[in-house]
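We will go from one selection to the next.

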Amino acid sequence: RVRYASENVRKTPIGWRAALLVTACFTLAWCFYATVWWALKSIFPVLGDTNIWLLCAAYAIAWVLGYVSMVTPGGLGVREAGFIALAHELTALPTLAFLALFIRLWQISIDLLLFLPVKSVNAAESHKRIIPIVCAL
């Protein structure tokens, strides 16, 4: 998967405008993710005494575990299991299971929403073919 991606990246011309747009989209997405993590504490009273930033860090590590997983598409299940394993001492297991599924759904929807503007910029810059830059992780 990594070799295929690296070979295609070298073959795929991308302009500075598209690269900046992708970077801006991902930066906004991660700012949004951090804001939602902060908001989770007020939305779910069960997280009242939980260090939300440790939960966020555990999820970031779990995200990487899911990303490098070659067995499942998008780390499906690996990310969630990693999150629960890393954060099991921070809060109750049912709460972690709910958060893992909730966060998976929110990240999929954000990735899909960010894919649309990037796809349209690619279509405008390259009439040869549309290059999907953003992939749902």
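A nonpolar core here is a set of buried Ala, Val, Leu, Ile, Met, Phe, Trp, Tyr and Cys residues joined through side-chain atoms within 4.5 Å. Buried means under 20% relative accessible area, exposed over 50%, and partly exposed in between, with a 1.4 Å probe and protein chains only. Before you click, note that this is a predicted model: local features need pLDDT of at least 70 and side-chain atom pairs count only at pLDDT 80 or more, while totals for chains, interfaces and linings use all residues. Residues are numbered from 1 along each chain as its sequence is written, and side-chain values use heavy atoms, with hydrogens and water left out.

**Stop 1: the core.** Select W37, L40, L55, F83, L99 and W106; of the 23 residues in the largest nonpolar core, these touch the most other members. Now colour the helices α2 (16-43), α3 (52-68), α4 and α5, the elements that give two or more residues to this core. Helices are DSSP runs (H or I, at least four residues), strands likewise (E, at least two), numbered from the N terminus. The most comes from α5, with eight residues.

**Stop 2: around L40.** Centre on L40 and show what surrounds it. Setting aside neighbours within four places in sequence, L40 is in contact with L47, I52, L99, F102 and W106, where contact means heavy atoms within 4.5 Å.

**Stop 3: α3 against α4.** Two packed helices are described by the angle between their axes and the distance between the axes. The axes of α3 and α4 come within 8 Å and cross at roughly 145°; axes are lines fitted to C-alpha atoms, for helices over the stretch in contact, and angles run from 0 to 180 degrees between N-to-C directions. To see the meeting, show side chains including L55, Y59 and W63 in α3, and F83 and L86 in α4.

**Stop 4: the salt bridge.** Which side chains meet in a salt bridge? Select R104 and E80, whose N-to-O distance is 2.5 Å. The structure holds one such bridge, defined as a side-chain nitrogen of Lys or Arg within 4 Å of a carboxyl oxygen of Asp or Glu. R104 lies in helix α5 and E80 in helix α4, so the pair ties together parts that are 24 residues apart in sequence. Both count as buried: R104 has 7% relative accessibility, and E80 has 9%.

**Stop 5: A92.** Finish in the loop between α4 (78-87) and α5 (93-125), where you will find A92. With a relative accessible area of 38%, A92 is partly exposed.
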